[in-house]
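Hi,

Here is the structure I promised to pass on. Have a look, and then read on for what turned up in it.

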Amino acid sequence: MSDVPTLCCFTSEDSHYSIKGAAAVTGIGTDNCFNIPTDSKGRMIPEALEMQIIKTKKQGMHPFFVSATAGTTVYGAWDPLHQIADICERHHLWFHVDAAWGGGLLLSPEHRHCLAGIERANSVTWNPHKLMGALLQCSACFIRQDGLLFQTNQMSADYLFQQDKPYDVSFDTGDKAMQCGRHNDIFKLWLMWRSKGMEGYRRQINHLMDLTSYFTARIKETEGYELVVNPPEFLNICFWYVPPSLRHLDPAEKKARLEKIAPKIKAKMMERGTTMVGYQPDKQRPNFFRMIISNQAITRQDLDFLIQEIVDIGRTM
């Protein structure tokens, strides 16, 4: 790295931690991976991104990479890909889209508009083991420039990758990645896709989106529930349940006591052995539930049960 300028990269403050992890592993350093502010729905603010890029240039750094997120981990937010792509083109930066969670939505003609602009990316990551339900692990990385992975990672180990084999040596993919031996992730995806087909995946994904709309409508009409992001951007429904004992408190005291409610309700649900839903704080917000609807076996009855289970437990708090 001594012959390389001080590189820096950019991602949203709500992006996956792996982006900073990659900055550490490559030697760029986590301090040179800048978190860009997000709006109230968790989407990267393009104007803030461009301001930070300009600022780092003035400081003598060398911006080279922007990671946008298509379906953030907490809120399921969609960064504005077209606007970020425009900025990357203006400043000659690599435009990456982390579609690990949201990429499966491309298989739904009705919902793929959420990823508008992804076709402009230099690279895209996608995890079929998330939305599409493939077995762990099943990850894909797409690079627009043909042959770039081979040019970047090739070590030319002739004891493994002989060039005089009596078949097309381009099938020797081991020299395209840092790992040599690894699972063939794509085979799992291929088998699933052959089984379900495009129409099968379309129905599966649309069903999950419909369940999200149903769950959102139900908690809106149920006393005590409050949405964190209204309406949800994706399959992530973030909400509070406010027990009757807290509903008439002043805002400051209500917020302080609400912080402890989600962990207590989750603990009770696990004691009962009925269900398990994640919770977490975010910025200045107290702990809230983060419901992810991704299992294709979920029914409306399951969601109705969860809503009532939380109400029943919350009455005692």
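Is Lys130 buried, partly exposed or exposed? Bear in mind that this is a predicted model. Lys130 has a relative accessible area of 31%, so it counts as partly exposed, because that class runs from the 20% limit for buried to the 50% limit for exposed.

Lys130 sits in the loop that joins β5 (123-126) to β6 (140-143). If you skip the neighbours within four places in sequence, Lys130 is in contact with Ala100 and Trp101.

Now for the rings. Searching the whole structure gives 14 aromatic pairs. One of them is Phe10 with Phe34, a stacked pair with 5.9 Å centre to centre and 25° between the planes. That pair links distant parts of the chain: Phe10 belongs to strand β1 (residues 7-12) and Phe34 to strand β2 (residues 33-36), 24 residues apart. Phe10 and Phe34 are both buried.

Trp193 and Tyr201 make an edge-to-face pair, at 6.4 Å centre to centre with 80° between the planes.

Last item: Phe215, Tyr225, Phe239, Tyr241 and Phe289 are linked into a cluster by ring pairs.

Cheers

How values were computed:
Residues numbered from 1 in each chain as written. Predicted model: local features only at pLDDT ≥ 70, side-chain atom pairs only at ≥ 80, totals over all residues. Heavy atoms only, no water. Helix = DSSP H or I, 4+ residues; strand = E, 2+ residues; numbered from the N terminus. Buried < 20%, exposed > 50% of the residue type's maximum accessible area, 1.4 Å probe, protein only. Contact = heavy atoms within 4.5 Å. Phe/Tyr/Trp six-rings, centres within 6.5 Å; stacked < 30°, edge-to-face > 60°.
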